[in-house]
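Let's take a walk through a protein model and look at its aromatic rings. Have the sequence and the 3D view ready.

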Amino acid sequence: MRFKTQHGRVYAYIAVLVYAAIIGLSFMFTKVALAYANPIDPLAFRFTLSFAAIVVLVATGVFRLSLKDKPWPRLFLLALMYPLGFFTLQTFGLKHASSAEGGIIFATTPILTALLAGVFLKESTTLRQKLSILLSVFGVVLIFVMQNTGIDLTNVAGISLLFLSCLASAGYVVLSRYLLRTFTPTEVTISMMAIGCVVFWSASLASHVANGTMNQICTPLANSEFVWSILYLGILASLVTAYSSSYALTQLEASKISVFSNLSTVISIAAGAFILGETVTVYHLIGSAFIIAGVIGTNMKQKTKRGSIAPSYRTKQAKG
């Protein structure tokens, strides 16, 4: 059992690294999509693609869904935070703010997650972990500030919406860890993608009907940049990240999971250097070192604290 648990934690760390890598480029793809469509339409298209992929996975037996005798209405509350709350607030926030501002504000998510996890899950963090989380946040802020891409404090609307999206993300992580005592990662992912598809398409259709633009609803699909953005956002930034984060939350505490999101900045810098040939400066290296040190410090092994609510999904894995 101990071997299986350790094995599961290794897979959890791999899953959360995949999550961080994908999120690292999601701001850029969201901005590209917004150049060709209003904020709601990209969400409708991306979750249509995600849901279509899930239907295929369920039909082929890769994913299994069994909500019988389970409190499935609770999944609507989870979906209200993610994807509905998070993506709506993030998309409208990025409509009024830059992707750099989004990156800085998103870096505060681990702090919000640790606070909410302490209140609702009774997950305590040590002084070392608290300082490590702050260190990772400082690393992200340092990189963006040194690039002269700080936050425009006069942009109240954009900043407020992006902060609320971070709060929704933190709430999702905490509630998801709680619900994963009952549901499997597959069930959580399927429910979120299905609800997102229905709600965002309803909102998109209502918006076009009100504006008399129904004939323009598919116009963005004529642009290849929009299509590639939706493919990335729908398959990777929605479906894959939702499943990988859900799986990781069955093995790791909420605060440990959330701090990995700041690694997306490091991954973006590395990708820019190795793929695009962008220059890496000293402050990039220093900021990245702070972020990595913060992630390691938060996830260093420690004694289990009593009172922490841990998912029981991993004890049910053998049952399928």
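This is a predicted model: local features need pLDDT of at least 70, side-chain atom pairs count only at pLDDT 80 or more; totals for chains, interfaces and linings use all residues.

Residues are numbered from 1 along each chain as its sequence is written, and side-chain values use heavy atoms, with hydrogens and water left out.

A pair of aromatic rings is described by the distance of the centres and the angle of the planes. Searching the whole structure turns up 14 aromatic pairs (rings of Phe, Tyr and Trp, the last by its six-membered ring, with centres within 6.5 Å; planes under 30 degrees apart are stacked, over 60 edge-to-face, the rest tilted).

Take F45 and W201: they're edge-to-face, 5.5 Å centre to centre with 80 degrees between the planes. F45 sits in helix α2 (residues 40–59) and W201 in helix α8 (residues 185–211), so this pair links distant parts of the chain, 156 residues apart. Helices here are DSSP runs (H or I, at least four residues), numbered from the N terminus. Is F45 buried or exposed? F45 is buried, at 10% relative accessible area (buried is under 20%, exposed over 50%, partly exposed in between, with a 1.4 Å probe and protein chains only).

Now hop to F138 and F290, a tilted pair at 5.5 Å centre to centre and 50 degrees between the planes. F138 lies in helix α6 (residues 127–146) and F290 in helix α12 (residues 282–299), so the pair ties together parts 152 residues apart in sequence. F138 is partly exposed at 45%, and F290 is partly exposed at 27%.

Last stop: F47, Y82, F86, F87, F106, Y172 and F200 form one aromatic cluster. Over the ring of F87 sits the charged end of R46, 4.0 Å from the ring's centre (this counts if NZ of Lys or CZ of Arg is within 6 Å of the centre and within 35 degrees of the ring normal).

Methods: Helices (H or I, at least four residues) and strands (E, at least two) are DSSP runs, numbered from the N terminus.
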